[in-house]
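Let's take a walk through this fold together, starting with a pair of strands and ending with a pair of helices.

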Amino acid sequence: MDETKSKATDMDTIDVAHYFTIVKRNSLRILLLAVAFTILVALFVFRMTPIYSSSATILVDSENTNLVSIEEVYGFDSNRKDYMQTQFEILRSRQIAERTVRKLALHKNASFMPDENDKDGITLLKEALKDALPFFPQEKEIERTEEEQEELDVRIATNKLMRSLNLSLISKTQVMVVTVNSDIPKLSAMIANAVADEYIDNYLLSKLEMTSKATEFLTESLDGLKRKLIISENRLADFFERNQVVNLHGVVGLAADELEGLSEQLLDAQNALKLNETIYRQTQTNNSIEGIASLPEVLNHPTIQGVRRDEAKAMTRVSELSKVYGPKHPNMIAANAELNSIRETLATQTRDLVSSINKQYLLSKERVELLKAQVEQAKANYRRLSTLENERLTLQREVDINQQLYDSFFTRLKETDELGGFETANARILDKAIVPSVPSKPNKKLLIAMAFIFSIGFGVFVAILMDTLNSGINSVDDVEKKLGQRMLGLIPWLPHKKKTDLPVRSYFDSSKHQFSEALRTLRTSLSLLNLNKEKQAVMVTSSVPKEGKTTVSLNLAFAFGQLKKTVVVDADLRRPSIGKMFNIPVYQPGVANLILKTHTVDECVVTDEESGIDVITAGTVPSNPQELLADTEFATLIEKLKKTYDFVVLDTAPTQAVSDSMIVAECADSIVYVVRADATSDKVINSGIGRLLQVGHRVDGVVLNQVDLRKSDVSQKYAGFYDQYGYTSENS
C-alpha cells in the first residue's frame, strides 16, 4: 500500500530537473530553430509596409435640442449612461464612413485605392489557379454603368476606410478618439479630421431633418385634433340640452345627502318598530290586567311607577292603621277606600298605556313602510343622476383631453418654428489630427524579439513533448519505474560502420576502456547477486532481435573468463550467430548435436586462444529447435557443463519472437535481460519480462545496451555504471 502511494506521489510530482535536463540536451537544436525562425520573421518584418497612425479627439458636450419639450432646449442630462455609447456607435457607423469617402473623393484617390493591376501574391495565385483549372468556378464579368461603377467604388472605399479606422471611447469621459491607419502620413491625418468633421455635420443635418419632419407632422396633426375637439364639445352641449341640467355635480350631491338622511330615519323607525312590536305581542298574549301590569315595559313606565308608589304608601297606611283600629273604624274604612281608589286608577292607567302601545305600534309600522318607499325612490333618483354624471364626466374628459392635445401640439408647433434656426452641434473637435512622422507599426524590434521568444518556447515544448512520447528506455529511472527491474549495467555504444557488427574482441581493445569497464561492472553485479552459487548458468536474452544480446553474451563471457573458467553456449537454435562471429565453420557440431547424442562435449567445444574461453555453437540447425531445447538432454548438458565450468553463458532467442528462452530459463541460475537504449518500447519489454515471470523465472536485472555516452546528461542518468572519468591505470 505504501509503495503504491509512493509511486502515485512520484507520478504527480513535476520533476523540474528532468525537464531542465531535456532542454539542456536539446539546447543546440532549440537555439538553431530559434535563430532560423527569427531570421525568417525578420526578413518578413523588414518587407512589411510601414503604417502611420493619426488621431483626432472629439469632445461630446450634450444633446442641445429636443423637439418634444421646450424645457430641454436650456439643459440636458449628460449623465445618461447610454448617451455616450449611442454617440460612439453613430461615429463608427457606415454612414459616417461613406460620407467621408464622398467628401474626400477617396474612391478616386489613387493613394488610397489600390490599382487593379497592383495585386498581391494571394490574389495572383487565385487567378492563376482559376486559369489553370477550367472546372474551378469562374467569375463572370458584369457590365456596369458609370453610376453603378462609382457606387461600387464608393462601397469598396468605404469598406477599406472602416477597416483602417480605430475608434475608442475614453472611459468615464465624454471624449472619443478617431485614429486612422494609412501607409501615407498626410492621408491618415486628413482622413481622421474629415471623419470628425462629418460626425459633427451629420448631427446638425439630422437635427435639421428632424425639425422639418416634426413641423410637418405637427401641422398635419393639429387639424385633426381641432376637429376632434369641436366634435367632443358639441356632444357635451347636446348632453346638457337633452337632460335639462346645469350643475349636475351639485344635484348628485343633494340626492346623495337626501338618500343618506332617509336611510338613517328608516333605520331609527325600524328599531322603534321592533321595540313596539315586542311590547305589542306581549300585551296580546296576557289578557289580565295583573299580567299586563307585570310586564317590564309597563312597570318601567313613569306614570305606572307613580301610581305604584301611591299604592305602596296606601298599603303601608292600611297596615299601620290595622294594628290600631278595627276594620269598621272610620279611619280604616277611609284608608281601604283610598287604597281601592288607587288600584282602580292603576288599572285604568295600565289599560290606557296598553292602548297607547298598540296605537304606537301601528303608527311605527306605517312609518316604516312610508320610509321604505321614500328610500327606494331616493335610490332610483340617485342612480339616475349618477348615470347622468358619469356620462357627463366621460364627455367632459374627452373634451379636456382633446383640448390638452390641441394646446400641446399647438405650443410645440410654435416652439419648433422658433427652433428652426437654433441648431447647434453637440460636439467639437478637441484636438485635430497632425501628420505623423514615425510609423506606428510594425514594431520591428518587438516582433523579432517575440518571434525569438516564441521559437525558444516552441522548441522547448517540442523537446519535452518528444521526450514524453518516447516510450524507450534511456536511464536508470526508466528501468526502475517503467520496467520495475534493477539496473545491472550498461554497455556503451561504440562507433562502427552501419550494418556491421562490432569486432568480436572489442572487450580486449585498450582504446575502448569504457566498454570494458562497463562489462566488468555487469560482471560484478551478477557475481554479487549470486554469492551463494559457486557455479552459475547465466542466460542472456532480449525482447526483439537487433538489441545486441549476442554481443552482451560474448563480452560477458570474456569478462567472466578473466576470473574463472567460462563457456559460452549458443542456445539460439533458430538464428545462431556465435559461430559466425568466431569464424567457426558451419559444420562444427554443437548444442543440437549434443542433445541428439551424435557427438561428445569434447568434439563440440572450441577454445578461443586469445580470450581463453570455450565456445559451443548451435551446431546443425534442426527443424524442431524448441522440441530439442525442451528435451531432458539439454538440461543434462547444462548440468554437465556446470561441473566443468564456473560460468556457463547461454545466448538465447528473443522472448517476443519465440518461446525458446522460457524453456532455456529452466536450466539457468541467473537471467540477464538486454534492452537497447532508446529503441524498444517499454510495453514490449514488459511483455517479454512478464512472460518469464508468468512461468516462475526470476529476472536478475536489465542491461541497457548501445547507450550513447556522448549525450550531455548521460553522467546523471548512468552514474556508477561506467567509467565517466577515464580512471585507468595509465591515468592514475
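**A sheet and its helices**

Start at serine 54, whose bridge partner in β3 is valine 180. Strand β1 (residues 52-60) and strand β3 (residues 175-182) run antiparallel to each other and share eight bridges. Here, strands (E, at least two residues) and helices (H or I, at least four residues) are DSSP runs numbered from the N terminus, and two strands pair if DSSP finds at least two bridges between them. Please keep in mind that this is a predicted model, where local features need pLDDT of at least 70, side-chain atom pairs count only at pLDDT 80 or more, and totals for chains, interfaces and linings use all residues. Residues are numbered from 1 along each chain as its sequence is written, and side-chain values use heavy atoms, leaving out hydrogens and water.

Now step back to the whole sheet. It is open, with four strands in the order β2-β3-β1-β4 and antiparallel pairing. At the edges, β2 (165-169) and β4 (427-431) each pair on one side only.

Next, find helix α7 (residues 146-164), which lies across β2 and β3 and runs at about 50° to β2. Axes are lines fitted to C-alpha atoms, for helices over the stretch in contact, and angles run from 0 to 180 degrees between N-to-C directions. Helix α5 (residues 94-104) meets α7 too: their axes come within 9 Å and cross at roughly 115°. Among the residues in contact (heavy atoms within 4.5 Å) are Ala97 and Val101 of α5, along with Val154 and Leu161 of α7.
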